[in-house]
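Let's take a tour of the aromatic rings in this protein model. Have the 3D view ready as you read.

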Amino acid sequence: AVVRLGEFQLLDRRQLPSVCSSRRRSAVKALHAEDRKRNDSIVPSAATLSSSAEVFGKVNNPREDFEKLAQELEHASPLEIMDKALEIFGDEIAIAFSGAEDVALIEYARLTGRPFRVFSLDTGRLNPETYKFFDQVEKRYGIRIEYMFPNSSEVQALVRSKGLFSFYEDGHQECCSIRKVKPLKRALKGLRAWITGQRKDQSPGTRSEIPVVQVDPVFEGLDGGIGSLVKWNPVANVNGNDIWSFLRTMDVPVNSLHSRGYVSIGCEPCTRPILPGQQEREGRWWWEDAEAKECGLHKGNVTNSIIGINGNAAAAALHTNGGEGPDLFETQNVVRLSRQGIENLLKLKEGGGRREPWLVVLYAPWCQFCQAMEGSYLEVGRELVGRGVKVGKFRADGEEKGFAQKELQLGSYPTLLFFPKHSARPIKYPSEKRDVASLMAFVKAL
């Protein structure tokens, strides 16, 4: 019998091959798997995946094995992918739940009829609505979420040395490393596989090549070493609208923040609602580049486009150890401004104004967000040739950082300023979108 739920088709169970029977079992058992049997009344068909028994019967090259399985599952439904993941890894796999639409993963796991585990990273800075949502999910599914917390000593040291909101000034990576990445590493060291809610359509330039299953390229599992952990992304090929259609169809609880314009939900200080037409992750770390909305949990899936519009790999390596390297925005259409030059721009000339308006980027060559906008800024420089607007750059790190923060409204790199002809104070570009169309719209509006 076939039951249709929107575009999702659930079929009666067919026999699946037994795989990985020789795996060493983890000492950590599923928290809600006691005496629970698989419910075979609602499960996906996997008859077309029978070759997986042969794939996992040999483990000479796990990466090739899972690449082959990813090809087999490329057009499978999320339910089929979830069922295969739970079948293969049992209680040595867990769902990573973030408190947003990841509840779809839990619903798919429930529909397989198999026992499953769920863990979440409690950073200590989540919205109250997110904590209430966690409680709703536990009660709805009869589970206990396995929470992972940051190291209190590391959090204490960061806050004491840099304050509660240092990420607004020097980027979110350090805070995310302490509150999210390190706790994740601890969680994954007790597993052989994990399940995420990554989708290809979530973020421009960073998640477009996510496979449905892979050997995790970054994190380590129970046996240690790169290659010891498998990562499953059952909804990689599903778009956001279909996820929400599924959630509504199954009438599952959702975070109440979604009804207030929040789409991608993280920590309270770093998450805000988005406007119509914005990419869903633009509400995360909005003061940083729109194409770099990652905290490090999925850095192994970040595509090369995050490095820069022109794929400048050399530029990406500039700040590996704080060293120098090639400068950015090197073109005859972009004027390099010295400290004296930028101070002159801050002063209105005699006669009531500047001779011509300027667009200026405050940057640091090692900053990945500056690197990421290099191509678009160079294109803007070409677009404005002969239009009466000068385009410049001012290196605002090192000894110039204090001056730029005090006099030029520098908050984070890059900062873009427009100096009108008849205004004493420059106008700061307020958006995190740094594509050519957005930058040109800003210039034309002024």
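## Ring pairs

There are 18 aromatic pairs in this structure. Rings of Phe, Tyr and Trp (its six-membered ring) pair if their centres lie within 6.5 Å; planes under 30 degrees apart are stacked, over 60 edge-to-face, and the rest tilted.

The model is predicted: local features need pLDDT of at least 70 and side-chain atom pairs count only at pLDDT 80 or more, while totals for chains, interfaces and linings use all residues. Residues are numbered from 1 along each chain as its sequence is written, and side-chain values use heavy atoms, with hydrogens and water left out.

## Phe89 meets Trp232

Why is the pair of Phe89 and Trp232 edge-to-face? Their ring centres are 6.5 Å apart and their planes sit at 80°, so the pair gets that label. Phe89 belongs to helix 3 (residues 78-89) and Trp232 to strand 8 (residues 230-232), so the pair ties together parts 143 residues apart in sequence. Helices (H or I, at least four residues) and strands (E, at least two) are DSSP runs, numbered from the N terminus.

Phe89 is buried, at 6% relative accessibility, and Trp232 is buried too, at 0%. Buried means under 20% relative accessible area, exposed over 50%, and partly exposed in between (1.4 Å probe, protein chains only).

## Phe403 and its partners

Phe394 and Phe403 have ring centres 6.2 Å apart and planes at 80°, so they are edge-to-face. Both are buried.

The charged end of Arg339 sits over the ring of Phe403, 3.8 Å from its centre. That takes NZ of Lys or CZ of Arg within 6 Å of the ring centre and within 35 degrees of the ring normal.
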